[in-house]
Each structure stands twice: as structure tokens, then as C-alpha cells.
Amino acid sequence: MSEPIKTDVVIIGAGPIGLFAVFELGLLDMKAHLIDILDKIGGQCAELYPEKPIYDIPGVPFTSAQGLVDSLLEQIKPFGAQYHLNEMVESVERIGDPLFRVRTDQGTEFESKIVVIAAGGGSFQPKRPPIPGIEPYEGKSVFYAVRKMESFRGKRVLIVGGGDSALDWTLNLAPLASHLTLLHRRSEFRAAPDSVNKMMALVGDGKIDFVLGQVAALKGNDGQISEAIVKTNDGSTFDIACDVMLPFFGLTMKLGPVAKWGFELKNNELIPVNTENFETSVPGIFAVGDINWYPGKLKLILSGFHEVALMAQKAYRYCYPDKRLVFQYTTSSTSLQKKLGVSPPPPPQPVKV
Amino acid sequence: MVKITYIDNEGTARTVEGEVGATVMETAIKHGVPGIEAECGGACACSTCHVYIEEEWREKVGEPSPMEEDMLDFAFEVKPSSRLSCQIKVRQDLDGLTVRTPERQA
């Protein structure tokens, strides 16, 4: 096993609050590594609703969710945070006072002075359709993601859904599959119009089938699917013969391994913190943003921004126990401005009258 | 106050009082009614507050918007009576509204 990555802070979750934590920690000279299960930075904002508007960021009358993520990335650039995407934190173990060993499902290991949980609603995982008896097929002939396109060559592929994932994989797998069927519950699509047009062209050329309906049951043996039983909107059923099925119903958030790290959870899903510094019941582990709970908690991005500022003050005492923390403003502190890589405009020259 | 009844997948009915202006989703969460998850908190950005509107209420409740229809693609066993409960505001004339929750939200 390779050496663990040594750092001041591990931040679990690269959503807006995790990103702004980098800023507040960075101003106080703490370096951070961020870990996120998604393949991109931005959490819910980037994954669930990148184009939706946000109107309640102080001083920003309007932005899109992705726009906010992009702005935050620009704002935290000076602090050189490192990102570990497509990784889920599996364990957080206390090995010092405080010092933590953090491990991900990809085998990455960290030794971190403090841990900040900014995991929002939990980790994103593909939605599993509630088709009775689907479990034995999962991972054998029913897949929620495409890892290797080649493994679908020559197969009869059934893709279910009407969003970008369903349409993108329809277009990408159509040349490889021996036969491809796209199944969706209606004739409108959420996917990019360009993808929809390309898909319709393939249907027009007789290269793929597009079918309206929803999967009600599966037939097969030993995890190998042979047919999907499809219910149409008028209630009748028919079969689609296939070797693999790829359902794309988006992602859902599950608390995941956090539930096993020994916190007394509120309502089984939120981590209680104190409102002085947003530390959990475990000294050195903080929880900020949507995943924490305290009396009066509001799940707002602006609340999370406030929380990370206070968190950083306490984090500093763990990372620099012997140093005195001097409170400073970015407006006037030349040392903070140096960290940000900015120089303020020179004072105005006196005007002669 | 407006009475709203949620019938779960097993047929258990729970009637709670909703405030005018709140959503049918918020009313369920506030009263701890099971069967509605509302992961995104009401932003019409997921589909985990999916409900079926009882036939006699469908006209009064109305049809989903195109944005809501898009989100319903992520739901399971979508029927013509499917709605996302975060997009239904409690109104005085919905007193007695009955909705059914699906077997699973996610």
C-alpha cells in the first residue's frame, strides 16, 4: 500500500459548502483535500440542477447553480485544494489527538488533523428501479453505469429512461449493440434536443427501436436477463428480448458510510453539531451544510457559508495549537491579501483645488 | 386548516392538517408521514415526493408543469395520476385531498 496523504484537513463532499470551506481554511493557512463520490465538483448544484436559478446568495442577485460552483472555484483557486473525485469515503478512524485516518473505496488513504463532513444529503448513488426480483440481475446483466463500452458489443441492449444518460448511451452503444431498444414512459425527453434528434434519426433509419412504456418485471435465469416485461400506458403488456438492461433513473442520495462512524444521528440522517464551531460529538470532526443539525437549522447555502467560517476558527486551534489566532478582514489585511494573491488598488490621490 | 390524507402502499391512511400555502410534500414531512422523501427539499429537482392523486381530486389539483413532467421521468411506476407533491400548494378548496404514496421513492 502506498503512503497515506498527509494533510491538515480532509473535506468530505465537494459541494458549495465544501468548496467555501477551502476558502475559510485557506485564509488561516490550512490545506485541504476534498473527496467526492461524483465525477465532478459541485455536489447537488452541479449534478441535480446545474441550470436552475439561485436568488439568495448574499450580494449575488442571481446565479445558476453551476454558475455558483464556477465562482466558488475561482474564489478558492489561490488555496490549491486537491480533489479526489469518483471516490467515496468508507472509514474515518481516530488515531491521534486529534489525527484521523480516512480511507476511500478506491483505496486512497489520508492522515488528516481534522475532518470536515460537508456531504449534503449523503452520497449520490444510481436509483434502482423497484422491479420485483431485479437484485440477482444487478451487476450481471442489469447495469446502472457503463464502465466498458466494449462489453456491450454484439449484445441486445435495452436502455430505459429519457434523460441525457439514457440518450447519450443510446447513441454511443447503437453502433456496437446487435440490437438496441430505448424505452421511455412518454415521447418527450429531458435530454439535450440535439441528442434526441440524433436518436430519432437512428429510429428513422431502422437502426434502433424506440418504445413507449415502463418495465414491470424481468425474465431470465441465474442473473442473465432474457426479456423485460413492459407495461404500456394503456395498461397492456409486452416483452422486449434483451441480453442487458441499462436503467437510467438518475441518482439518489444515501447517507452511506457516514451512518457507521459513531455519531448519534438526528432523525437517522443528520449529524448534530454545536453552533459555536460546528464540531460534532467527536473532537476534530466537523459537520457543515445540509448534513448537520442544530436548533433552528435552515438548509440554505448561505447558512453553510457561515458555518464554515466559524468551523475554521476552531480547526485552526487543532492545526496550530501553539499559535495565536488574530482575527483579520480581507479588506484591510495585507497578509490575507497576499494569501489571496491580490493587491488592493492604491489609495486615491489628493485632489488639488 | 385543510385536511390531507396520505394512503401508503399498504393501504394505511394518515390524515393530517395542512396550512394553506405550504406544499403537500412539506405537510407530509412536517407531520412525519412516511412514504415521501423529498431529497431535494422542494426544488423540483428530484422525484422522491411522488404521489398518485385520487381520481376524484385530479381535476381540482391539476396537471403537472413541463418541468415537473421532466422530473417524473425519474420516478417509478408513473401513472396519469402522478404528481410531485412539492409542486402542489395546499389551498382551502383542497380540504379533504387524498393522495397515495408509491411503493418506493428511490
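The model is predicted. A search of the whole structure returns 2 cavities of 30 Å³ or more. The second largest pocket holds about 1,600 Å³ of space.

**Largest cavity**
- The volume of the largest cavity is about 50 Å³.
- Its lining consists of Ile53(B), Arg58(B), Val61(B), Gly62(B), Glu63(B), Pro64(B), Pro80(B), Ser81(B), Ser82(B) and Arg83(B).
- Helix H2 (58–61) and strand E4 (82–84) of chain B are the elements that give two or more residues to this lining.
- Sorted by class, the lining of the largest cavity has 4 nonpolar, 3 polar and 3 charged residues.

**Second largest cavity**
- The second largest cavity has a volume of about 30 Å³.
- The class division here is 6 nonpolar, 2 polar and 1 charged.

**Second largest pocket**
- This pocket is lined by 40 residues, and those nearest its centre are Lys40(A), Glu47(A), Ser165(A), Gly250(A) and Leu251(A).
- At least two lining residues come from each of helix H2 (43–47), strand E9 (123–126) and helix H4 (164–173) of chain A, and likewise from helix H3 (66–72) of chain B.
- H4(A) contributes the most to the pocket lining, with 4 residues.
- Domain 1 (5–124 + 252–340) and domain 2 (128–249) of chain A each provide at least three residues of the lining.
- The lining of the second largest pocket divides into 24 nonpolar, 6 polar and 10 charged residues.

Note on methods: Residues are numbered from 1 along each chain as its sequence is written. Chains are lettered from A and ligands numbered from 1 in the order in which they are written. This is a predicted model: local features need pLDDT of at least 70, side-chain atom pairs count only at pLDDT 80 or more; totals for chains, interfaces and linings use all residues. Side-chain values use heavy atoms; hydrogens and water are left out. On a 1 Å grid over the protein atoms alone, a cavity is a set of points where a 1.4 Å probe fits but cannot get out, and a pocket is an open set with protein on both sides within 12 Å along at least five of seven lines; lining residues have an atom within 4 Å of a point. Grid points are joined across faces, edges and corners, and a volume is the space filled by probe spheres set on the points. Ala, Val, Leu, Ile, Met, Phe, Trp, Tyr, Cys and Pro count as nonpolar, Asp, Glu, Lys and Arg as charged, and the others, Gly among them, as polar. Domain bounds come from an automatic or database domain assignment.
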